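Hi,

Here is the structure we talked about, handed over for you to look at.

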Amino acid sequence: MSADFDPNAASSSDSGVFGLPHGVDDAAVVLVPVPWEVTTSYGGGTSEGPRAILAASRQVDLFDLDVERPYEAGIVMLDEPAEVRRWNAEGKALAQPIVDAGGAGTEHEGALAKVDALGRDLDAWVRATALEHMRREKIVGVVGGDHAVPFGAVAAAADHHGPLGVLHFDAHSDTRRAYEGFARSHASIMFNVLEEIPRVSRLVQVGIRDVCEEEIAYTRAAGDRVRTFFDRDLARRKHDGEPFGAVAREIAAALPDRVWVSFDIDGLDPRLCPHTGTPVPGGLDFWEAVRVLREVCAAGKRIVGFDLNEVAPNLADPGDEWDGNVGARLLYKLVGFTLASQGRARLLP
């Protein structure tokens, strides 16, 4: 980092993520923005999530009470890929009539096949991009977009780092075989991870509170490979007086030594992310999510990478930056704890 960089100064509007001056070569953390929301079927806007987070990140103070100077390791966000923007526009146009019809009928088979093909193109692009930077010993974080986007990065992490677990924060299980006919749906990301990435040895889900019978049956049939901490049960334990720290340590203990963190912002209380695509009452407080991440580090687990998804700005009011604000601060925490888990920054007491 340049000796004249002042971490206490205000950021300019054209500075890098978090107001930092890093490029790819001198950054330990490479953030990959993926503006994609092809199969969203309720609220929209998640394809604008990376831009909203980038803009809000320049207002985040760099001093952190949990991890000592995470910014010193270097953090950079890549430019948004124009190709993915084009795929998103094409896929959204094809998918919308299917969504409006409540799912694919025979008249939509051609469009459905094209949407799934675009989804696989996206998976391949994300995988290749993530693997390129992992081979340079960079930490890769994916910034979505809807929750379909990180599949390729999880696959790349399993290829590069070996067997790992996924710590999945979400209101939804995302273990549907398909949703509205789409196999590469945001509602199927964890089904696809479990079915197509055998090196994912365990899925630990936190905050789940909106789930269908198919998903319950599927995750139960997976046995020890899936551990779900339902939001209802977390709330009951808190109401009964159990310290959340003990719960967070239990979540961390359920993970294998290497971990990918997949964070859907709707895992938080929707007061913190009101414009996310499918908000659900309940959810984690911001500091509860932070405590879980901290306990993962304290337990000696190595976070190999992460994704943050489903942050959607208020499209009706461009001046409302609340969702991007929360997303940017959560992203900084994900960066910091990942660095600390790898010994690239110090976890503070």
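In helix α4, Phe151, Gly152, Ala153, Val154, Ala155, Ala156, Ala157 and Ala158 are buried, where buried means under 20% relative accessible area, exposed over 50%, and partly exposed in between (1.4 Å probe, protein chains only). Helices here are DSSP runs of H or I with at least four residues, strands are E runs of at least two, and both are numbered from the N terminus. The helix covers residues 151-161, and with eight of its 11 residues buried it is largely enclosed by the rest of the structure. Just after α4 comes glycine 162, with a positive phi of about 95°.

Before you go further: this is a predicted model, so local features need pLDDT of at least 70 and side-chain atom pairs count only at pLDDT 80 or more, while totals for chains, interfaces and linings use all residues. Numbering starts from 1 along each chain as its sequence is written, and side-chain values use heavy atoms, with hydrogens and water left out.

Now the charges. How many salt bridges does a search of the whole structure find? It comes to 22, counting a side-chain nitrogen of Lys or Arg within 4 Å of a carboxyl oxygen of Asp or Glu. Here are some of them:

- Lysine 238 pairs with glutamate 288, with 2.9 Å between the closest N and O atoms. Lysine 238 sits in helix α7 (residues 231-239) and glutamate 288 in helix α9 (residues 286-298), so this pair ties together parts that are 50 residues apart in sequence. Lysine 238 is partly exposed at 30% relative accessibility, whereas glutamate 288 is buried at 14%.
- Glutamate 80 meets arginine 85 at 3.0 Å, N to O. Glutamate 80 is partly exposed, with a relative accessible area of 24%. Shared partners join Glu48, Arg51, Glu80 and Arg85 into one network of salt bridges.
- Arginine 69 bridges to glutamate 72, the closest N and O atoms being 3.9 Å apart. Both ends are partly exposed: arginine 69 has a relative accessible area of 42% and glutamate 72 has 47%.

Arginine 58 is one to look at on screen. You'll find it in the loop between α1 (49-57) and β2 (67-68). Arginine 58 is buried yet has no salt bridge, and the nearest side chain of opposite charge, aspartate 14, is 6.7 Å away (Lys and Arg count as positive, Asp and Glu as negative; His and the chain ends are not counted). What does lie 2.8 Å from a polar atom of the arginine 58 side chain? That is the backbone oxygen of serine 15.

Two last residues. Valine 292, back in helix α9, counts as buried at 0%.

Cheers

Methods
A polar contact is a pair of N or O atoms within 3.5 Å; within protein, one must be able to donate a hydrogen and the other to accept it, and residues adjacent in sequence count only if both atoms are side-chain atoms.
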